[in-house]
Amino acid sequence: MQIQKSFKGQSLYGKLYLVATPIGNMDDMSVRMVNTLKEVDVIAAEDTRNTGLLLKHFGIETRQISFHEHNAQEKIPVLLDWLKSGQNLAQVSDAGLPSISDPGHDLVKAAIAEDIAVVTVPGPSAGISALIASGLAPQPHIFYGFLPRKAGQQKEFFESKKSYPETQIFYESPHRVKATLKNMLEVYGDRPVVLVRELTKIYEEYQRGTISELIDYLAENPLKGECLLIVAGASLEKEDKADADLLAEIDSLVQSGSKKNQAIKEVAKKYGRNKSQLYALYHEEDRN
């Protein structure tokens with residue numbers, strides 16, 4: 001375990017500030033975020049054009065340098081030299097907290113290795129902001145960020161996570177959400193899920209339901225804008241429920257007055273099972 005203390009010469013070094021930026025609404029910019037970006041010597045930005053609009057909006061004239069996944073290994077030694085010469089540096093991503101979906105983590109590790117102080121300037125985070133309004137359990141949760149793009153790799157990923165009890169948070173492109181949900185349904189079963197679109201923006205939207213219900217919704221409602229998927233964790237009750245017990249519960253609902261299709265849908269949702277598969281299983285039996 002490494003404990004960072006005051007090191008000889010460290011007071012002569014600059015500081016690395018990890019500065020959050022708005023995820024859509026400029027009003028989410030804090031006074032400290034603005035002041036930090038004004039006061040540092042250099043801003044390392046994921047996209048200088050995007051960050052330039054933010055700086056212009058708040059009258060910030062600090063110099064920018066491009067710092068993204070394609071030039072990170074080349075730029076990190078340069079940034080470290082500046083910090084060691086006494087200059088203060090802010091690192092920002094296109095939106096939200098740096099180091100999550102950009103190369104900031106590599107810069108942080110390199111700075112710590114050189115005994116350079118790293119300071120967080122907190123602010124908006126899309127994953128956590130969406131989670132607390134999703135209606136799914138906020139604790140415990142796991143944030144995964146972006147998913148693998150290829151179907152096979154995605155299914156393999158879901159297989160490794162399907163027994164996790166924590167609520168799971170994913171970023172996904174609007175063009176891939178429907179396909180991702182189909183892969184998720186195949187592996188996870190029909191769990192509760194929330195699709196969050198355009199968080200903090202004018203058209204912010206939450207679609208809540210089961211995975212199969214959202215797939216049906218997307219068949220009629222193409223998506224636009226930035227998206228997140230928040231999925232309920234596995235339930236031991238759902239994993240352990242035998243088919244015979246599920247069929248018996250459906251029969252009980254039918255005998256109580258529910259229509260068969262509604263009873264199947266209710267049990268599938270309750271236990272995280274695929275509605276179509278449960279429907280087929282129910283009708284394989286010679287039931288009255």
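This is a predicted model: local features need pLDDT of at least 70, side-chain atom pairs count only at pLDDT 80 or more; totals for chains, interfaces and linings use all residues.
A search of the whole structure gives nine salt bridges and one cavity of 30 Å³ or more, while the largest pocket holds about 920 Å³ of space.

- Glu198, which belongs to the loop between strand 8 (192-197) and strand 9 (205-210), has a positive phi of about 55 degrees although it is not a glycine.
- Thr200 lies in the loop between strand 8 and strand 9 as well, and its phi is near 70 degrees, again a positive value in a residue other than glycine.
- The peptide bond that leads from Gln139 to Pro140 is cis, with omega near -10 degrees, and Pro140 is placed in the loop between helix 5 (126-134) and strand 6 (141-146).
- Gly86, which comes just after helix 3, takes a positive phi of about 105 degrees.

**Helix 3 and its packing**

- Helix 3 covers residues 72-84, 13 residues in total, and the distance from its first C-alpha to its last is 18 Å, close to the 18 Å expected at 1.5 Å a residue.
- Which residues of helix 3 are buried? They are Ala72, Lys75, Ile76, Leu79, Leu80, Trp82 and Leu83, and because they cover an arc of only 160 degrees around the axis, they are on the same side of helix 3.

**Salt bridges**

- Lys84 and Glu114 meet through their side chains in a salt bridge, at 3.1 Å from N to O; since Lys84 lies in helix 3 and Glu114 in the loop between helix 4 and strand 5 (118-121), the pair ties together parts that are 30 residues apart in sequence.
- Lys109 and Asp106 both belong to helix 4, where they are three residues apart, or about one turn of the helix; Lys109 is partly exposed, with a relative accessible area of 47%, and Asp106 is partly exposed, with a value of 31%.
- Arg49 and Asp47 are joined by a salt bridge between their side chains, with 3.3 Å from N to O, and Arg49 counts as exposed because its relative accessibility is 67%.

**Cavity and pocket**

- Rolling a probe the size of a water molecule over the atoms shows where empty space is left.
- The largest cavity contains about 40 Å³ of space, and the residues that line this cavity are Asp190, Thr210, Ser212, Glu213, Lys265, Ala268, Lys269 and Lys275.
- Helix 8 (211-220) and helix 11 (260-271) are the elements that give two or more residues to the lining of the largest cavity, and helix 11 provides the largest share of that lining, with three residues.
- Where the largest pocket is concerned, with its volume of about 920 Å³, 34 residues form the lining, and the closest of them to the pocket centre are Ile23, Asp94, Ala95, Gly96 and Glu226.
- Which element supplies the largest share of the lining of the largest pocket? Helix 2 does, with four residues, and helix 2 (48-57), strand 7 (167-172) and strand 10 (227-231) each supply at least two residues of this lining.

Conventions: Residues are numbered from 1 along each chain as its sequence is written. Side-chain values use heavy atoms; hydrogens and water are left out. The expected span of a helix is 1.5 Å times one less than its number of residues. Buried means under 20% relative accessible area, exposed over 50%, partly exposed in between (1.4 Å probe, protein chains only). The arc is that of the directions from the helix axis to the C-beta atoms. A salt bridge is a side-chain nitrogen of Lys or Arg within 4 Å of a carboxyl oxygen of Asp or Glu. On a 1 Å grid over the protein atoms alone, a cavity is a set of points where a 1.4 Å probe fits but cannot get out, and a pocket is an open set with protein on both sides within 12 Å along at least five of seven lines; lining residues have an atom within 4 Å of a point. Grid points are joined across faces, edges and corners, and a volume is the space filled by probe spheres set on the points.
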